[in-house]
2 protein chains.
Amino acid sequence: MANAPVDRIPAAKVITDPAALGRYQHDEAEWAPYGMPLAVVRPRSAEEVRDVVRFCLAHEVPVIARGAGTGLSGGANAVDGAVILSFEDMNQVLRIDTDERYAVVQPGVVNDDLRAACAQQGLWYPPDPASSPWSTIGGNVATNAGGMCCVKYGVTRDYVLELEMVNGRGELVRVGRRTAKGVAGYDLAGLMVGSEGTLGVITEITVRLRPSRPLERTVAGYFDSVVDAGAAVSAVTAAGIIPSALELVDRHCLAAVDAWKNMGLSADANVVLLGRIDTPGAEGDAEAERMRECFEKAGAGWAVVSTDQQEADALFQARRLAYPALERLGPLLTEDVCVPRMALPEMLRRIEEISQRHDIHVANVAHAGDGNLHPLIITKAGDEAAKARAQLVFDEILDEAIALGGTVTGEHGVGLLKMAGMDKELGEAVLGMHHAVKSALDPAGIFNPGKVVAVRQK
Amino acid sequence: MANAPVDRIPAAKVITDPAALGRYQHDEAEWAPYGMPLAVVRPRSAEEVRDVVRFCLAHEVPVIARGAGTGLSGGANAVDGAVILSFEDMNQVLRIDTDERYAVVQPGVVNDDLRAACAQQGLWYPPDPASSPWSTIGGNVATNAGGMCCVKYGVTRDYVLELEMVNGRGELVRVGRRTAKGVAGYDLAGLMVGSEGTLGVITEITVRLRPSRPLERTVAGYFDSVVDAGAAVSAVTAAGIIPSALELVDRHCLAAVDAWKNMGLSADANVVLLGRIDTPGAEGDAEAERMRECFEKAGAGWAVVSTDQQEADALFQARRLAYPALERLGPLLTEDVCVPRMALPEMLRRIEEISQRHDIHVANVAHAGDGNLHPLIITKAGDEAAKARAQLVFDEILDEAIALGGTVTGEHGVGLLKMAGMDKELGEAVLGMHHAVKSALDPAGIFNPGKVVAVRQK
């Protein structure tokens, strides 16, 4: 590896200047370790990706695919001596088929750019992670990204039809299909989704689209406690309502966004629930009113179906900006646990208890309708004692999520930060199956080594 | 293998009487080969399944899981000397969680029985293969079964949350999760779905449920030609309508059902299209009318939004009975190609051409809204020359489906009948990935050997 002939990497755009390599070393998981890559390659075609993978196979060099670097688990972090494949130059929407309702894109297309291109054709690509203005479809596929509309419309995996990829033998192949249904062989496309670049490198993605949807109604509720808000979410589910979004934002997040963007957000309440309903017509109006009643009965101090689109958009914008706003206050450690919907109030109660016991500030945003919580663990930069306590908070939240029947990661991925948690969640036998799949599809062990599954001696 | 001590199979219910073994030798794919099993085991618990798999591992005996035997590709067919695990005694709905909206079932639960149990709780399990009165959830998962409502609600894979299974090391494990979202590790549950028992044996299934849905409106259209009907389907898609069902039944099928059940079906037209809309309220009424207009503009001689629920149900019942009705007329060879929706008229045209050229009778039913066609190739019992021509028809239809960008199997699975077609569709490199996954998860090669992927010498 140390002797890999960098100057013979078969690609036109190769970066080896140490100063320029810096911005490719890690993603936004500030607490995860990272190394110094051998080189960064900015491929311009699938064939170039294939050639670089073959080079890496020949010289036993790790290869790490990278989108926009907005990941929150360290999945895109460099390991020493790796080649980073950065897809910023493969950012084209190649085709939108309005009849079959799919789009074919290069991995570096930014999520919002795809959504805008689809909207021009009267179509909609649902998965909408909060990072959608920056994150790429390639990264979204690698992590099986979720977002706000998952509660009704599912996650990235539900939209991936076909992938072009370079496999562990350096072959450029297509897995999946473009038809509405298909069961010819194993679901290798589904297996690639969420595998965080550990089983191959994706070079092209075909995603299913939906027709544009009607305008959503927004229902906002202000609560005194996260526990009350959690009860409101459970009530919505129990009422058989499937909202198109159901988000929770606590006071800390609202205040941080306001301090940054001066949006004039009310921070009178401790928690805000933001629901959306996109059922068309009078049925949708009735559903929105039923959701408002659920909020009210669960103890909302104020609950309203918004008639002011601008105000509603501002509230959702605040939700999206919670992460970057809090990041301004110090190093963030981001959780991503997902628990059964009905366990949401109890999980929020336990987070509060853990936070108080360790005297560590925890702000909460959540895709509440999915039971997917993002406790944001905040410490002051340089306070090492607080950082150690924060790590305890992080670990205990994972343990409580598992204890409640949940998972350590709902949508951010395992990367580096959740590897220990995943091991606890899955157990030895299922981990063994993971290692078997990893070895089968990446026999040389070059794809993003040490992420998701630990490197095992052969 | 020949020396496997049958009398030491670690299960209470073991059948070895050759006469009794007969009904476990094959599924409904009448043309596929099958062998004589060593024994049939009717397990009563997951632990018993695990013990039988360990016995088979120790003695290198093939093990084949079997639901109701309604498969149409030979996936459940016995190979000589195999142990058949028949799940007829593991047929309990273990739990329906109305709050989290999931059901936990044993593999032998019949699809319609689960649907009925869910309905009692105001919930709905969407996947509805035409075999739903007989086929089991275990078999549905193994083949990733589809059905009529897929066009709006997806296939079995979209509903499987968690599986308990016995893996290739004889370990009883859980893969997947019960939360709404989760990305902790590879999607092994998704990989199991549709793998036709070649990667392990499923012992328990947790499926996602939806709230009960509103009554559907039925739109029926009568057409002179399958090509016109295909054009109507394309028009519905192009209009942005997502029907809750969109089925095509040709005159041959209607006549066969009528001859059997005497339902008084009109067979004036050559092709009937049956659409359903379950969008609630006035919006749904408007959509149904728009669908009717699409039918009319595409050349329907008669197109109507049905106000007679009984008549509508009879038409859909006829669709469901098409396969068994035609089966009465002679050995059936069933196709299951899926093509891009817009290619449906062209695919139907090519099927007609192939049928005429080989002088073989082909009846058509189709999940038209998905582009998933089931040409039913009919010959007289004992007519060997016709049978040879029918095989040519079968192969040519597969070739044309691939040529139109489709797949050789939309929902029935590969089993034995589609192995050659799958090989053509996927190509050598992707087949290599299949073999790698198979060897990784079934290193001893005991799970349903020779199905989906060919047995390769090690």
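Student: In this predicted model, which two strands of chain A form a hairpin with four residues between them, and which residue in the turn has a positive phi?

Tutor: Strands of a sheet pair through backbone hydrogen bonds, either parallel or antiparallel. Here the hairpin is made by β5(A) and β6(A), with four residues between them, and A:Arg101 in the turn has a positive phi of about 60°. The strands, residues 93-97 for β5(A) and residues 102-105 for β6(A), pair in the antiparallel sense over four bridges, and A:Ile96 has A:Ala103 as its bridge partner.

Student: Where does UniProt place a domain feature on chain A?

Tutor: The record, an unreviewed entry, places "domain: FAD-binding PCMH-type" at residues 33-212 of chain A. In the model that span is 22% helix and 24% strand, and its end C-alpha atoms lie 42 Å apart.

Student: Is A:Arg210 buried, partly exposed or exposed, and what does it touch?

Tutor: A:Arg210 lies in strand β11(A), residues 210-211, and counts as partly exposed because its relative accessibility is 23%. By way of separation, A:Gly194 is 16 residues from A:Arg210 in sequence and 22 Å from it in space, C-alpha to C-alpha.

Student: How are chains A and B related?

Tutor: Chain B is superposed on chain A by a rotation of 180° with 0.0 Å of shift along the axis, at an RMSD of 0.0 Å. That is the relation of a two-fold axis. Of the interface residues of chain B, 100% are also interface residues in chain A, so the copies meet through the same surface.

Student: How should I read the helix α7(A), and which of its residues are buried?

Tutor: An α-helix has 3.6 residues a turn, so residues three or four places apart point the same way. The buried residues of α7(A) are A:Val226, A:Ala229, A:Gly230, A:Ala232, A:Val233, A:Ser234, A:Val236 and A:Thr237. Their cover includes the strands β12 (217-223), β13 (245-250) and β14 (271-277) and the helices α9 (281-297) and α11 (344-357) of chain A. Just after α7(A), A:Gly240 takes a positive phi of about 75°.

Student: In chain B, how enclosed is strand β14(B), and what runs beside it?

Tutor: Seven of the seven residues of β14(B), residues 271-277, are buried, so this strand is largely enclosed by the rest of the structure. Both faces are covered, with B:Val271, B:Leu273, B:Gly275 and B:Ile277 on one side and B:Val272, B:Leu274 and B:Arg276 on the other. Strand β12(B), residues 217-223, is joined to β14(B) by seven bridges and runs antiparallel to it, with B:Val219 opposite B:Gly275. Strand β13(B), residues 245-250, is likewise antiparallel to β14(B), through six bridges, and B:Val249 stands opposite B:Val272.

Student: What is the strand order in the open sheet of four strands in chain B?

Tutor: The order is β1-β2-β4-β3, with mixed pairing. The edge strands are β1(B), residues 14-15, and β3(B), residues 63-66, each of which pairs on one side only. Strand β1(B) runs antiparallel to β2(B), residues 39-41, and two bridges join them; in this pair B:Ile15 stands opposite B:Val40. Helix α2(B), residues 46-59, packs on the sheet and touches β2, β3 and β4, its direction making about 170° with that of β4(B).

Student: Where do residues other than glycine have a positive phi, and are they buried or exposed?

Tutor: Most residues other than glycine have a negative phi, and most peptide bonds are trans. Among the exceptions is A:Asp359, with a phi near 55°, in the loop between α11 and β17 (361-367) of chain A; at 60% relative accessibility A:Asp359 counts as exposed. A:Val452, in the segment after α13(A), has a positive phi of about 65°, but at 1% relative accessibility A:Val452 counts as buried.

Definitions and conventions:
Residues are numbered from 1 along each chain as its sequence is written. Chains are lettered from A and ligands numbered from 1 in the order in which they are written. This is a predicted model: local features need pLDDT of at least 70, side-chain atom pairs count only at pLDDT 80 or more; totals for chains, interfaces and linings use all residues. Side-chain values use heavy atoms; hydrogens and water are left out. Copies are superposed by least squares on the C-alpha atoms of residues with pLDDT of at least 70 in both. Contact means heavy atoms within 4.5 Å. Buried means under 20% relative accessible area, exposed over 50%, partly exposed in between (1.4 Å probe, protein chains only). Two strands pair if DSSP finds at least two bridges between them. Axes are lines fitted to C-alpha atoms, for helices over the stretch in contact, and angles run from 0 to 180 degrees between N-to-C directions. UniProt positions are given in the numbering used here, feature names are shortened, and annotations may be inferred rather than shown by experiment.
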